[in-house]
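Let's take a walk through this structure together. Have a look at it first, and then we'll go through the details.

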Amino acid sequence: MTDRRRRRLAQRRKATGLSQERLAEALGVDRSTVARWERAETDPQPWHRPRLAAALNLSIEEVVACEAGRARPSGIIESSLRQDQINSIPILRT
């Protein structure tokens with residue numbers, strides 16, 4: 001678990017103006033779950049990645065890269081969802 005990974009998810013969340021609580025609400029998880037992701041104690045489950053990506057304005061590959069502590073995706077696509085499917089996920093409606 002790296003400090004870099006912890007910082008990436010937290011920085012991206014803050015850059016989008018979301019609190020841990022608001023992000024957790026959008027994903028249907030507890031705030032403590034988001035906190036554990038940001039502390040690199042656990043990784044988001046694969047089924048959380050599309051919504052997490054949408055909430056943070058990232059691609060799924062970028063979310064996976066954040067989890068791994070990499071700045072950029074490695075080129076390995078870890079989801080079978082197409083971009084149009086990702087874009088159709090309801091998230092943070094105002």
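Which residues in H2 meet which residues in H3? On the H2 side they are Gln20, Glu21, Leu23, Ala24 and Leu27, and on the H3 side Arg31, Val34, Ala35, Trp37 and Glu38; contact here means heavy atoms within 4.5 Å. This is a predicted model, where local features need pLDDT of at least 70, side-chain atom pairs count only at pLDDT 80 or more, and totals for chains, interfaces and linings use all residues. Residues are numbered from 1 along each chain as its sequence is written, and side-chain values use heavy atoms, with hydrogens and water left out.

Helices (H or I, at least four residues) are DSSP runs, numbered from the N terminus. The axes of H2 (residues 20-27) and H3 come within 8 Å and cross at roughly 110°, with axes being lines fitted to C-alpha atoms over the stretch in contact and angles running from 0 to 180 degrees between N-to-C directions. So H2 is roughly perpendicular to H3, a label for angles of 65 to 115 degrees.

Searching the whole structure turns up one cavity of 30 Å³ or more: a set of points on a 1 Å grid over the protein atoms alone where a 1.4 Å probe fits but cannot get out, with lining residues having an atom within 4 Å of a point. The largest cavity holds about 40 Å³, a volume being the space filled by probe spheres set on the points, which are joined across faces, edges and corners. Around the largest cavity sit Leu9, Arg13, Leu23, Val34, Trp37, Glu38, Leu52 and Leu56. H3 gives the most to this lining, with three residues.

How values were computed
1 Å grid on protein atoms, 1.4 Å probe; cavity = no way out; pocket = protein on both sides within 12 Å on 5 of 7 lines; lining within 4 Å. Helix = DSSP H or I, 4+ residues; strand = E, 2+ residues; numbered from the N terminus. Parallel < 35°, antiparallel > 145°, perpendicular 65-115°, else oblique.
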